[in-house]
Amino acid sequence: MNKLKALFFSLFIFACSSSVFAEPPAQLSGEMIQAGVIFGKTDPSYLITLDDKKIDVSPDGNFVFAFGRDAEKNHVIRIKSADGSKSFRKKLSLKDGNWDVQKIDGLPERKVNPSEEDAKAIKHEFSVIAQQRDIISENDFYKEGFVIPVKGRVSGVFGSQRILNGQPKSPHAGVDIAAPVGTDVVASGDGIVSLTEKNLFYTGNAIMIDHGQGLQTIYVHLSKIIVKKGQKVKKGQKIGEVGATGRATGPHLHWGASWFETKFNPINLVIDK
Ligand SMILES: [Zn+2]
């Protein structure tokens, strides 16, 4: 009898685990491309994994994930109902980012090959920024959408391999927008100011905004910061002014975006939504 019960039970489990959702259980928006960002909407009780890594879902059913510049091309998203009775699996194939090569000459030698003394300042800079990227907030401010944070000319695209003063360096991790010193810089989306730092070695004066669930944007080389850490900001609200602080050949905004430690192309926040 017990054996029979066990058999029924295992058949029941098998039947449950093999059933699929009648309709796709989530809507995804965004371009499937290296350094892309994907926004999703689902039932808040569902469990989502991307390549077996759990993705947080907000109480309203929103979620977000992003891919790095050199991300693998093939990924798998799985969605399960809370009781595990229904499941969904989808392969995601990313387009190639086709990254450029960008040569920049005339940078001060010290900003390309830092001294030991400068290395200490750089270590501090990386750690304060990295600490912020680890913040996990349940907020889903990102659902309000994004704008380009400054009016100007794009002078440097995301992902380009950089040759600085003739030396190959790490790829460009943001978008550069050239504009005169003092031009308004606005929050690209709703969020909470998570970092305001001055005089960092590379980034100069910088602001970070937490848009929720690991999604953050950064605003670099500012001449002026007019917000405080912990302040709530709205999309389009002025947060600072363009400058040339840190490692910059001229006034521009370096605009970056990250999902936890993964840096992605911020332009993907404002296109194809
Ligand atoms: Zn830049």
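Reader: Which residues is valine 64 in contact with, once its neighbours within four places in sequence are left aside?

Author: Valine 64 is in contact with Val37, Ile38, Phe39, Tyr142, Gln213, Leu215 and Trp259. The structure is a predicted model, and the contact list is read from its coordinates.

Reader: Which members of the largest nonpolar core touch the most other members?

Author: Val64 is one of them, together with Ala206, Ile207, Tyr219 and Leu253, in a core of 47 residues. Two or more residues each are given to this core by β2 (37-42), β5 (62-66), β12 (174-178), β14 (191-200), β15 (204-212), β16 (215-222) and β20 (252-259). The largest share, five residues, comes from β16.

Reader: Why does this core lie between domain 1 and domain 2?

Author: Look at who contributes. Both domain 1 (2-93) and domain 2 (101-269) give residues to the core, and so it lies between them.

Reader: How far apart do the C-alpha centres of the two domains lie, and how many residues does the contact take from each?

Author: The C-alpha centres of domain 1 and domain 2 are 32 Å apart. The contact takes 17 residues from domain 1 and 16 residues from domain 2. On the side of domain 1 that touches domain 2, the elements giving two or more residues are β2 and β5. Of these, β5 gives the largest share of that side, five residues.

Reader: What does the protein chain look like as a whole, in helices, strands and span?

Author: The chain has three helices and 21 strands. Its C-alpha trace spans about 80 × 40 × 35 Å along the principal axes. Of its 273 residues, 34% count as buried. Among contacts between residues at least 6 apart in sequence, 66% join residues at least 24 apart.

Reader: Which values of phi do aspartate 52 and histidine 221 have?

Author: Both are positive, and neither residue is a glycine: about 70 degrees for aspartate 52, and about 75 degrees for histidine 221. Aspartate 52 sits in the loop between β3 (47-50) and β4 (53-55), whereas histidine 221 lies in strand β16. With 7 C-beta neighbours inside 10 Å, aspartate 52 counts as exposed. Histidine 221 has 25 C-beta neighbours inside 10 Å and so counts as buried. The strand that holds histidine 221 is β16, the one with the largest share of the core.

Reader: What is the phi of aspartate 51 in the hairpin of β3 and β4?

Author: Aspartate 51 takes a positive phi near 50 degrees, in a hairpin that has two residues between the strands.

Reader: How many bridges join β3 to β4, and how many pair it with β6?

Author: β3 and β4 run antiparallel and are joined by three bridges; isoleucine 48 stands opposite isoleucine 55 in β4. β3 also pairs with strand β6 (residues 74-80), in the antiparallel sense, over four bridges. Here leucine 47 has lysine 80 in β6 as its bridge partner.

Reader: In what order do the three strands of the open sheet with β8 stand?

Author: The order is β8-β10-β11, with mixed pairing. To find the edges, count partner strands. β8 (101-104) and β11 (167-169) each have a single partner strand, so one side of each is left without a neighbour in the sheet. From one strand to the next the twist averages 30 degrees.

Reader: In which sense do β10 and β11 pair?

Author: Strand β10 (residues 161-164) pairs with β11 in the antiparallel sense, over three bridges. For a residue-level check, take leucine 164, whose bridge partner in β11 is glutamine 167.

Methods. Residues numbered from 1 in each chain as written. Predicted model: local features only at pLDDT ≥ 70, side-chain atom pairs only at ≥ 80, totals over all residues. Core = buried A, V, L, I, M, F, W, Y, C linked by C-beta atoms within 7 Å. Buried ≥ 20, exposed ≤ 12 C-beta atoms within 10 Å, placed from the backbone. Domains from an automatic or database assignment. Contact = placed C-beta atoms within 7 Å. Pairing = 2+ DSSP bridges. Axes fitted to C-alpha atoms, helices over the stretch in contact; angles between N-to-C directions.
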